[in-house]
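Morning, everyone. Today I'll talk about salt bridges. Please have a look at the structure first.

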Amino acid sequence: MNLNKFLLINLFSKLKSESLFLIATFFAIITSFIILPKFSYIDTHVLMILFNLMVVVELYKKENVLDFIAINFLKKYNSQRIICAALIILVFFFSMFLTNDVALITFIPLTIIIGKKSNFSTLKIVILETIAANLGSALTPMGSPQNIYLYSKFAPAPIEFFKITFGISTIGLVILLLVNFFTPKEELIFELETPIFKKNINVFVSTAIFISVLLSIFFKLPIIYITIFNIGYLTYKKENIFQKIDWILLATFISFFIFIGNLSNIELIRSWMFNLLSESTQVYFTGIILSQFISNVPAAILISEFTTKWQPLLLGVNIGGLGTLIASLASLISYKLYISEFPEEKRKFFILFSILNFSILILMGSLFAFFI
């Protein structure tokens with residue numbers, strides 16, 4: 001088998017598991033037959049922010065930065081309840097800065113290792129970590145793809161943004177710690193090998209890039225210069241990072257931008273959506289409900305084309321990340337990571353996940369409806 005054929009087979013096998021990308025691309029193509037797409041639909045600013053954050057994360061992972069911080073923090077405790085609380089808090093705060101996906105990819109495998117070494121079920125804590133990632137990432141503009149997009153599109157003052165998101169994250173964390181209070185206090189005995197923290201140029205550069213991305217988000221520093229530097233640095237250093245970037249996620253965004261751009265220019269749909277989303281409460285509940293079926297990132301992109309009411313939209317799609325397994329793509333990551341280790345627990349995961357997620361969704365969704 002030649003190399004090109006091998007790469008093509010690998011690409012197709014990967015795409016088969018990327019249903020959201022395939023659906024988004026299908027609708028982008030179909031709607032392009034109805035109305036001619038424009039390049040201006042694609043938000044290159046959002047794509048470059050996502051790309052740069054991905055590079056930062058991959059460089060940190062390469063130098064063991066995230067594992068070093070997490071393991072050193074966890075080694076201080078031996079009570080099951082406290083360790084579970086520590087994992088919730090770590091995921092919660094990491095997701096604010098490095099996105100909910102990255103927090104889960106980092107901590108779910110670590111949680112499973114601790115569970116295996118200590119002989120306790122990690123099912124509940126993995127689900128609580130998943131909720132923590134979705135609620136923690138809600139706080140900041142860079143915490144999740146939908147926040148990056150909405151902050152870029154509506155450009156609110158930082159203080160106005162945090163006024164909306166602070167309540168979601170704070171109340172969410174309190175709820176999670178209360179649920180965790182019912183975790184047994186029994187002592188856990190386990191040993192985690194502390195990885196070597198490589199203090200080198202990669203750590204310095206990735207931190208500088210991360211700070212530059214924050215400046216770009218909050219103070220409109222041109223992201224194009226950061227991206228050019230990033231690509232130049234990785235090329236010069238011959239770092240094997242480009243192939244680790246989630247290009248499918250970036251391509252999924254492009255497909256959604258084209259699909260929703262086409263959709264928003266079809267007059268019949270345009271007028272119907274503007275009428276549907278004329279009130280703040282309608283925007284809020286549409287964000288929550290739509291997220292349950294198509295996930296909160298495409299829901300945010302779609303609704304944002306038909307309303308200027310960004311506050312209820314921001315609330316709706318972040319709270320809407322709770323609920324179904326597909327309401328947030330981060331939840332699917334947890335599911336895949338856990339089920340790959342415990343395939344016999346698919347049903348148990350789904351049932352407990354649904355009970356906890358929908359309970360918190362109903363509680364928080366009802367509570368924040370009064371603030372719309």
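**Salt bridges, pair by pair**

Let's start with E63: this residue is buried, at a relative accessible area of 2%. By buried I mean under 20% relative accessible area; exposed is over 50%, and partly exposed is in between (1.4 Å probe, protein chains only).

Two notes on the source. This is a predicted model, where local features need pLDDT of at least 70, side-chain atom pairs count only at pLDDT 80 or more, and totals for chains, interfaces and linings use all residues. Residues are numbered from 1 along each chain as its sequence is written, and side-chain values use heavy atoms, with hydrogens and water left out.

Which residue does E63 form a salt bridge with? The partner is K62, with the closest N and O atoms 3.8 Å apart. A salt bridge here is a side-chain nitrogen of Lys or Arg within 4 Å of a carboxyl oxygen of Asp or Glu. K62 is partly exposed, at 36% relative accessibility.

The whole structure has 5 salt bridges.

Next, K61 and E58. Their side chains meet in a salt bridge at 3.6 Å, N to O. Both sit in helix α3 (residues 44–62), 3 residues apart, so about one helical turn separates them. Helices are DSSP runs (H or I, at least four residues), numbered from the N terminus. K61 is partly exposed at 37%. E58 is buried at 13%.

Last pair: E305 and K153, a salt bridge at 3.4 Å, N to O. E305 lies in the loop between α15 (296–304) and α16 (310–319), and K153 in helix α8 (residues 145–154), so this pair ties together parts 152 residues apart in sequence. E305 is partly exposed at 26%. K153 is also partly exposed, at 34%.

Key. Helix = DSSP H or I, 4+ residues; strand = E, 2+ residues; numbered from the N terminus.
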